Amino acid sequence: MNHPTDAPTASPSPLASAGFRWLMLYRICTLMSYQVVAVAVGWHLYLLTRDTLALGLVGLAEVIPFFCIAPFSGYLVDHLPRRTLGAAACTLLAVNAAVLAAMSAGLLPLRGPWPIYLAVAVGGIGRTFLGPIYNALFARVLARPQFARGASLGSVVFQTGLVLGPALGGVLVGTLGTAAAFSTGTALALLAAVTLLRMPVSEPPPPTQRGPILASIAEGARFVAGNQILLGAMALDMFSVLLGGAVSMLPAFIHDILHAGPQALGLLRAAPAIGSILVALWLSRHPLQRHAGRVLLLAVAGFGLCTIAFALSRQLWLSTLLLVLYGMCDGVSVVLRSTIMQLVTPDAMRGRVSSINGLFISSSNELGAFYDGVMARLLGLVPAMLVGGGVTLAVVAITARLAPRLRRLDLRELH
């Protein structure tokens, strides 16, 4: 088969677009806000309860409202002004973080873990809009040949937020306390809202005809289900992180196994993102084209192996190194999944497809946190991680067999 010229290499840099630069600022502000708040919530809850299941319940508290709202958020993104809708979601995150700051400072008469879970649930509602807004605007500020490099640079910014956010959160919690961390999360969310409102981007006119909401949502679901490559990439990511993730149990692992403090929590939460940044920077200059599917499967297998090795580590430096490698493997998956989604999704359906993708991601992250907490309670912290890493390897083998089009994927065929 003759393939077109490698357009992503020849096209102008995505950074030449002012709209893309504003979009990246929005992305890093929302990520840092969420990560700073997540570090503060995790540390505060574990000190309050000394229970790994309490950490797992954080994920459950966030994913339940996410699952209820996400299908409708995608519909709204496809039918309402995207910047205004995104700014409203960021404002909700800011208000939520401000309430957590007031609770932590003793300004509200609320005690115990349940008010924290409720606040996390409200934050989950706001987060349902962030990914669809980003993905919909991404396609408005870049030309199609720039999508692969843009996805890599977006991953760099994403992972930078995952480095700076936990590191900042750990420092703030360790030096100034959780109230200062929550207040910083409030400020970052407000900055993200302002960034969206000032972003130079042309938005598509609203649809002249709107079908029933549920029928429109079902249309997006049918599109994803009918595309083996897109569905396979989403499912591979979901099940690998759902069953093999290690990040949600870091507060317990640091406290009980490595015997370190909140600064180490910030370091280890940032380590996977450092690895992902290194990979994304490389891919931004050398976009994957040939054998992309095979590379994706090998990367997820490496993710599982790193989880197993991390569970066996007893040294902080080795655990940090293993999480960097873990992040490098995950970074390949993130870039490839983002590129595939942008290339195969029609513009009029980007909000709905992105919300479905968000359901997969939240299944892997938040439900994964709940799964990890339950497994750690039943099996113990280390055995639970070992089992998760092994199951991830099995998921890779099953996906390779059931999704042959993904296994043989060449991205040049999608341009």
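This is a predicted model: local features need pLDDT of at least 70, side-chain atom pairs count only at pLDDT 80 or more; totals for chains, interfaces and linings use all residues.

User: What makes H2 and H5 roughly antiparallel?

Analyst: H2 and helix H5 (residues 114–141) pack at an angle of about 160°, with 11 Å between their axes. Because angles over 145 degrees count as roughly antiparallel, the word applies to H2 and H5. H2 passes H5 in a left-handed crossing, and among the residues in contact are Phe20, Tyr34 and Val41 of H2, together with Val120, Leu130 and Phe138 of H5.

User: How do you know that alanine 94 is buried?

Analyst: Alanine 94, which is found in helix H4, has a relative accessibility of 2%. Buried means under 20%, so alanine 94 counts as buried. Leaving aside neighbours within four places in sequence, alanine 94 is in contact with Thr186, Ala189 and Leu190. The C-alpha atoms of alanine 94 and threonine 186 are separated by 4.2 Å, although these residues are 92 residues apart along the chain.

User: Why is serine 104 called partly exposed?

Analyst: Serine 104 also has a place in helix H4 (residues 82–104), but its relative accessibility is 30%. Since buried means under 20% and exposed means over 50%, with partly exposed in between, serine 104 counts as partly exposed. Not counting residues up to four places away in sequence, serine 104 touches Thr178, Ala179 and Phe182.

User: What makes a group of residues a nonpolar core, and which residues have the most contacts inside the largest one?

Analyst: The residues must be buried, belong to a set of kinds such as Ala, Val, Leu and Phe, and be joined through side-chain atoms within 4.5 Å. The largest nonpolar core has 46 residues, and those with the most contacts inside it are Val41, Leu100, Phe182, Leu250, Phe253, Ile254 and Leu323. Helix H2 (residues 18–49) supplies the largest share of this core, eight residues, while at least three residues come from each of domain 1 (15–202) and domain 2 (211–414). A second, separate core of 42 residues includes Ala233, Leu236, Val332 and Leu406. In soluble globular proteins, nonpolar side chains tend to be buried together.

User: Which residues is phenylalanine 182 in contact with, leaving aside its neighbours within four places in sequence?

Analyst: Phenylalanine 182 is in contact with Val37, Ala40, Val41, Ala97, Leu100, Ala101 and Ser104.

User: How many residues does each domain bring to the contact between domain 1 and domain 2?

Analyst: The contact takes 55 residues from domain 1 and 57 residues from domain 2, and the C-alpha centres of the two domains lie 19 Å apart.

Conventions
Residues are numbered from 1 along each chain as its sequence is written. Side-chain values use heavy atoms; hydrogens and water are left out. Buried means under 20% relative accessible area, exposed over 50%, partly exposed in between (1.4 Å probe, protein chains only). Helices (H or I, at least four residues) and strands (E, at least two) are DSSP runs, numbered from the N terminus. Domain bounds come from an automatic or database domain assignment. Contact means heavy atoms within 4.5 Å. Axes are lines fitted to C-alpha atoms, for helices over the stretch in contact, and angles run from 0 to 180 degrees between N-to-C directions. Angles under 35 degrees count as roughly parallel, over 145 as roughly antiparallel, 65 to 115 as roughly perpendicular and the rest as oblique. A crossing is left-handed if the near helix is turned anticlockwise from the far one by less than a right angle, and right-handed if clockwise.
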